[in-house]
Amino acid sequence: MSGGPEQFALFELSSPTAPLSPQPPENPGVDDGDAPGEALPESATVASAEADDPEPDEPTADDTTTSPTPVWESLPVGVEADEHALIVTAAGTYTPSGRELTGPVDSVEKLDKLVRWAALTPLGSPPQVWIVGQDACEALGWVIDPGSEDDFDDMEALRTRAAADLTAVLQATLTPMLSAGWELRGDPGHVVHLSRSIGKFISMVDVVIEPYVWTYWNKDFGWNNRVGEMGILGSPTAGTYLPDEDLPAARELGRRLAWSAKHLGVLPGPTPARTGAAIVDKIKRERTRSGKGLVVATAGPVPPLDGAPRGDLEPAVGWTRVPEADELDNVHRLVSIDQRAAYLASAGMLEFGYGQPAHLTGGAAAGAVVGEKGAPFGLWRVTLPAARTLSLPERLPPPHPHMLADQPVQTWVTSVSLDGLCSPVADGGIGAELDDLDITEAWVYPQQGRVLDKWAKILREARKVSVDTEDVATKRFIGSCYKGYIGRMVNPDMWTAKQMQHHHQPLWRAAIIAHCRWRGRRVAMRIAREHGRWPVRTVTDSWVYLLSDGEDIADPSEALGKMSVEKDIYLSDTLLSALASAQDVHEVNLAIRAAFADDEFAADEGEGGL
């Protein structure tokens with residue numbers, strides 16, 4: 001395959017120049033124990049020639065676009081995904097790097113022939129064929145008309161109807177491929193998972209239908225009636241979705257596929273969470289093969305807890321207070337700071353437990369909390385003292401979300417919270433001794449280690465590349481990957497396939513949330529000491545302050561987990577008056593939300609989307 005600016009000219013063509021080629025021998029795929037969207041076992045890794053062409057020069061803006069080319073669309077494209085993915089438009093078929101391969105794929109029979117001919121190989125996920133543009137869908141007979149969003153009060157109803165219509169259309173039109181030996185793995189939708197037996201192996205391919213990705217909404221893709229991040233495709237609301245025209249869209253999609261292959265080592269999954277899982281599984285396979293590094297191959301469900309708390313084991317904090325009159329003097333700005341990629345930072349530095357936990361009670365539980373490196377990874381049933389009995393700052397939320405002001409509470413906490421509670425008040429804790437917490441029961445894991453260190457390193461370095469190149473689309477995608485994956489650790493329904501169950505790790509997620517919460521509280525105490533400022537609101541890892549002109553409370557470091565400015569707005573007389581007259585926290589929340597244009601939970605860096 002050639003590399004260089006000339007290959008992008010192929011996306012300018014409006015008519016096909018090459019017929020479908022004869023079918024070469026097929027590559028073996030995965031064994032038939034795999035499941036749709038599942039990370040690939042060793043048998044799926046098929047040898048292929050390494051692409052040795054140099055990375056092409058940066059392309060120029062496409063002359064066919066009617067608006068200035070976004071920065072992310074004009075960044076260079078590599079060949080890293082060319083052996084693993086294809087892009088189909090109404091005009092023809094292309095490699096991700098921009099080489100035109102065939103003419104239009106205007107029937108399912110030709111799609112079958114294309115997939116066999118291409119002999120694509122997996123890269124962390126099954127090979128992918130992307131159908132880009134409505135015209136390409138129409139050529140295959142994949143057309144749905146679920147109605148107009150103007151006819152629906154609830155966008156979820158429209159999505160549900162569209163998803164059902166799409167499944168029905170695909171089931172009716174895929175007959176030629178099924179007759180040719182392909183099988184559907186699950187119901188077809190915006191991703192069609194296909195597999196075909198070749199001897200003792202199974203060859204797999206995912207057909208991704210770009211115009212209909214919106215039919216699959218979950219917390220990765222959207223929230224309520226908004227369309228949010230749609231995986232590698234970007235976000236319509238953030239302006240990072242693919243260009244409207246098919247060929248520029250194909251070029252930009254090809255760039256992102258190559259970027260993911262190069263910097264993440266995997267093809268993007270059907271959701272960002274699945275992309276995060278694919279990276280974990282690639283590392284797991286490498287460590288299993290080499291015999292070096294920690295490998296976790298089993299799920300870590302929450303053990304049976306006596307008196308388990310409702311909701312999250314370690315809730316993210318959500319708190320607001322009414323500012324006092326003296327805090328409104330000489331303030332000119334409303335500033336929100338948050339931890340830079342907070343959950344990613346914590347995931348890379350924490351030691352997580354795995355294996356079959358031991359259930360301890362009484363003195364055995366209290367004795368197990370003392371280890372060489374502090375409390376071993378586990379869950380501990382403790383008694384949190386009433387907040388009013390402690391010398392705690394009145395202008396901060398309680399140190400733990402389960403703590404009450406006027407009475408002690410018995411609850412379960414992670415080892416991270418044990419360490420936090422025992423920290424001095426000046427560092428955000430309560431200065432407790434272990435005896436003060438009255439540990440009566442515990443579940444302690446026999447093994448622990450930095451299981452996600454390499455995973456976090458890959459994502460951290462990829463994020464740095466996107467930041468350095470001002471590539472907003474891939475930066476947001478990286479955020480969606482780690483947030484989505486960590487968020488889905490809690491849900492076993494996401495990981496029902498046998499080879500995916502090790503991704504169900506709710507205690508890891510709880511530890512990450514707790515770590516970010518305690519880190520934020522420690523920073524709030526430092527800001528109070530150094531600046532005399534206290535927050536008026538906090539949501540997850542974001543803290544809102546009233547500041548004067550020129551006052552800077554953010555961390556100078558660019559490291560992940562450090563506090564950076566998220567929003568900084570001028571405090572108008574109207575807003576200042578609203579805060580001064582607020583009678584309760586509800587009115588304070590309304591004022592802050594209005595000031596931040598109702599975007600409090602849609603921050604680029606924040607982790608609130610989990």
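Select helix H7 (residues 342-349) in this predicted model. Because 7 of the 8 residues of H7 are buried, the helix is largely enclosed by the rest of the structure.

In the largest nonpolar core, which has 93 residues, Trp380 and Trp455 touch the most other members. Helix H12 (residues 506-531) supplies the largest share of this core, 9 residues. Domain 1 (73-229 + 240-257) and domain 2 (342-449) both contribute residues, so the core lies between them. Another core, of 30 residues, lies apart from this one; Val129, Met177, Leu194 and Tyr212 are among its members.

Now select strand E19 (residues 542-547). All 6 of its 6 residues are buried, so E19 is largely enclosed by the rest of the structure. Which residues cover each face of E19? Ser542, Val544 and Leu546 are buried on one side, and Trp543, Tyr545 and Leu547 are buried on the other. In a regular strand, side chains alternate between the two faces of the sheet.

The pairing partners of E19 may be displayed next. E11 pairs with E19 in the antiparallel sense over 6 bridges, and the bridge partner of Ile337 in E19 is Trp543. Strand E18 (residues 537-539) is joined to E19 by 3 bridges, and these strands also run antiparallel. There, Val539 stands opposite Ser542. The hairpin of E18 and E19 has 2 residues between the strands, and Thr540 takes a positive phi near 60°.

Finally, turn to the open sheet of 4 strands, whose order is E13-E16-E14-E15 with antiparallel pairing. Its edge strands are E13 (358-361) and E15 (409-414), each of which pairs on one side only. Neighbouring strands of the sheet are turned by 25° against each other on average, direction ignored. Between E13 and strand E16 (residues 441-444) there are 4 bridges, and His359 stands opposite Trp443 in E16. Helix H9 (residues 415-422) packs on this sheet, touching strand E14 (378-384) and E15. The direction of H9 makes about 115° with that of E15.

Terms used
Residues numbered from 1 in each chain as written. Predicted model: local features only at pLDDT ≥ 70, side-chain atom pairs only at ≥ 80, totals over all residues. Heavy atoms only, no water. Core = buried A, V, L, I, M, F, W, Y, C linked by side-chain atoms within 4.5 Å. Buried < 20%, exposed > 50% of the residue type's maximum accessible area, 1.4 Å probe, protein only. Domains from an automatic or database assignment. Pairing = 2+ DSSP bridges. Axes fitted to C-alpha atoms, helices over the stretch in contact; angles between N-to-C directions. Contact = heavy atoms within 4.5 Å.
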